[in-house]
Number of protein chains: 2
Amino acid sequence: MQDKEITIYDLAERLNISATTVSRGLQDHPAINKKTKKRIFDLATELGYRSNKFASNLRKQKTNTIGVIVPRLNSLFMSSVLSGIEKIVNNAGYNLIISQSFEQEAKEKTNTTTMFNSRVDGLIVSLASDTQDFSHFDTFIKKNIPVIFFDRIAESIQSTKVLIDNFKAGYKATEHLIEQGCKEILHITGNTARNVYMDRFEGYKKALSDHNIPYDPTLFISNDLTEQAVQDSLLNDVLKRDKLPDGLFITNDSSAAFALTILKEAGLKVPEDIAIVGFNNDLISKVTEPAITTINYPGNEMGENIARILINHLDGEGDLSFTSTVILNTELIVRASSQRKK
Amino acid sequence: MQDKEITIYDLAERLNISATTVSRGLQDHPAINKKTKKRIFDLATELGYRSNKFASNLRKQKTNTIGVIVPRLNSLFMSSVLSGIEKIVNNAGYNLIISQSFEQEAKEKTNTTTMFNSRVDGLIVSLASDTQDFSHFDTFIKKNIPVIFFDRIAESIQSTKVLIDNFKAGYKATEHLIEQGCKEILHITGNTARNVYMDRFEGYKKALSDHNIPYDPTLFISNDLTEQAVQDSLLNDVLKRDKLPDGLFITNDSSAAFALTILKEAGLKVPEDIAIVGFNNDLISKVTEPAITTINYPGNEMGENIARILINHLDGEGDLSFTSTVILNTELIVRASSQRKK
DNA sequence: AAAATTAATGCAACCGATTGCAATTTTATA
DNA sequence: TATAAAATTGCAATCGGTTGCATTAATTTT
């Protein structure tokens with residue numbers, strides 16, 4: 001700490017003007033003379049002045065900070081979303097505070113409190129898989145601090161949501177498998193307490209019924225989609241059945257890739273014996289043998305959308321209703337893992 | 001903003017004590033009577049008091065915030081590192097501000113300034129691939145704000161560094177290929193201005209020379225390791241040669257996986273025609289056919305290490321020399337993509 | 001019971017920027 | 001040149017905690 005921090009008072013003193021004028025000059029306030037502004041800016045750069053955000057925040061009651069809480073940072077989808085958010089938010093002059101819930105409601109609550117105490121101007125959330133109670137967001141709602149949910153949303157909370165049409169995506173994936181001749185379609189997915197998994201599941205069921213295939217509950221597996229869980233399900237359950245399924249719809253690509261290797265090891269041919277559809281369109285789905293059919297889920301785009309909505313709200317009047325739901329497009333990307341026909 | 005924010009003055013007034021006592025009580029100051037503390041805490045929770053960090057930071061000149069600048073968020077390695085950092089830092093009561101340089105020196109400089117102005121207590125950096133000049137970190141050094149570099153480090157800067165032994169890793173990867181009988185080993189890597197790539201390259205060369213294989217510059221390709229770049233290099237250069245290489249050491253797993261698919265499409269057999277070694281041990285290397293031999297690079301562990309070092313420094317006395325270099329262990333994970341013998 | 005300690009509490013200044021309103025200076029108008 | 005209008009600038013209070021030093025209250029010691 002050799003050199004003291006320069007304040008507007010230092011600038012004011014050297015320029016023989018008031019701190020008020022310096023403050024206004026620095027903010028490009030229209031009432032300040034251009035020459036004065038120039039003198040202020042010049043001296044400021046010369047002395048290496050930097051504004052003290054805390055004094056400013058304290059006074060303005062605004063932090064220019066946006067909080068993000070996600071279940072886990074280390075998935076490609078999440079980091080794409082974050083990358084998109086960061087880009088927009090940063091350009092708009094906001095900072096990002098990021099934390100992860102590790103899929104636990106308790107941690108999510110703590111993080112939410114921390115964010116609240118950090119007085120973020122807005123909060124972006126994708127819910128932990130086991131979050132049942134949403135009261136920790138009440139403080140935000142009550143204070144009119146905007147909260148945007150994405151991907152893993154809470155239906156019951158009145159606020160802006162950005163997501164894809166999971167029902168449709170699930171429907172399309174399943175229908176595709178049916179069209180490829182699958183009759184016994186296994187569905188492996190996450191905790192259906194979460195909309196993303198529930199909706200895909202509903203889409204799956206609807207596609208089945210629309211094609212007159214009865215829904216078989218034993219072909220539905222819900223777990224946490226970790227490597228371990230996928231492996232256990234396949235080895236200890238699926239592969240021990242008398243009749244093996246001929247299709248698999250599994251709701252993320254790394255799990256799909258992992259499942260693929262296990263099934264191949266077990267001697268099954270993909271797609272001949274079992275056709276596979278994943279979800280997300282991560283790079284991983286492109287490099288397996290065969291490449292995996294998947295649903296394109298544009299994380300980066302989603303992140304940018306979320307950030308834009310939030311920034312507009314924050315920088316705009318803020319009176320607009322803040323409870324829209326944005327649905328992003330997804331598409332089925334057909335690759336070899338599911339192509340049995342033609 | 002229906003309900004006003006509660007301040008220590010509100011608490012003080014209702015309890016008929018001074019704000020000083022409230023402040024001290026809240027901080028568990030030893031000079032405050034236990035009963036008084038209890039009364040303070042009780043009322044605080046009752047009224048939903050939350051400390052104003054800005055007032056506090058302003059006065060204490062400390063922010064409890066740590067900045068992180070990385071080239072890109074959306075890689076599995078990076079997000080694992082971040083996940084590790086976030087975990088430790090969060091437990092220690094610090095916040096994380098994250099931004100990405102998108103591999104550009106200019107953006108890195110801007111981000112650094114923003115971090116500086118946000119008055120982060122510490123900075124964690126992995127350099128952009130094209131950063132040549134490091135003067136933007138001078139302000140931190142001058143002010144004694146700790147900066148930790150990881151993975152992509154700057155040799156010339158005097159500060160703590162956390163990384164792996166890239167030379168050794170490169171050596172091991174190459175030696176392994178040699179042991180599998182490879183004679184013409186192609187090396188595809190990133191910008192060698194960065195230590196990580198340079199050191200691996202040096203390791204590669206040393207392994208060659210130790211095994212009496214002359215280094216062939218035409219077998220060395222340096223690009224930005226994007227899908228496009230890898231594809232271009234392979235299709236327009238490598239695959240057009242008279243004599244194809246019989247080994248490939250490529251310095252990240254997604255590129256390796258991608259290269260694998262291209263080579264297979266070109267009709268080459270892996271590992272028979274060409275043996276492949278990647279880098280990082282991402283999931284992707286496990287699910288390709290054949291699975292890819294790689295170097296295990298523990299991102300999460302690295303993140304936790306970085307964070308611990310920084311926190312210790314910040315919470316400790318801070319007089320300790322802050323210029324150690326931490327080298328994490330890596331190991332070669334042999335998989336089918338390189339196994340030609342035995 | 002007076003004097004000396006020790007325990008608790010409070011005063012008041014401070015951190016650095018912001019802003020409503022008033023004051024002053026400059027420029028335009030009569 | 002006097003006066004109104006516009007352009008600049010500054011005063012002083014404010015945001016909400018923190019902290020050195022002083023003061024008061026409670027305990028001990030003599």
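At what angle do the axes of helix 2 and helix 3 of chain A cross? Here are some notes on that and on DNA strand D.

1. This is a predicted model, where local features need pLDDT of at least 70, side-chain atom pairs count only at pLDDT 80 or more, and totals for chains, interfaces and linings use all residues. Residues are numbered from 1 along each chain as its sequence is written, chains are lettered from A and ligands numbered from 1 in the order in which they are written, and side-chain values use heavy atoms, with hydrogens and water left out.

2. The axes of helix 2 (residues 19-26) and helix 3 (residues 34-47) of chain A cross at roughly 85° and come within 9 Å. The two helices are therefore roughly perpendicular (65 to 115 degrees). Axes here are lines fitted to C-alpha atoms over the stretch in contact, with angles from 0 to 180 degrees between N-to-C directions; helices are DSSP runs (H or I, at least four residues).

3. In that contact (heavy atoms within 4.5 Å), Thr21(A), Val22(A), Gly25(A) and Leu26(A) of helix 2 meet Thr36(A), Lys37(A), Ile40(A), Phe41(A) and Ala44(A) of helix 3.

4. From chain B, a polar side-chain atom of Ser56(B) lies 3.3 Å from a phosphate oxygen of DNA strand D, while a backbone N or O atom of Ala55(B) lies 3.2 Å from a base nitrogen.

5. Helix 4 of chain B supplies the largest share of the surface near DNA strand D, five residues (near: a heavy atom within 4 Å).

How values were computed: Angles under 35 degrees count as roughly parallel, over 145 as roughly antiparallel, 65 to 115 as roughly perpendicular and the rest as oblique. A polar contact is a pair of N or O atoms within 3.5 Å; within protein, one must be able to donate a hydrogen and the other to accept it, and residues adjacent in sequence count only if both atoms are side-chain atoms.
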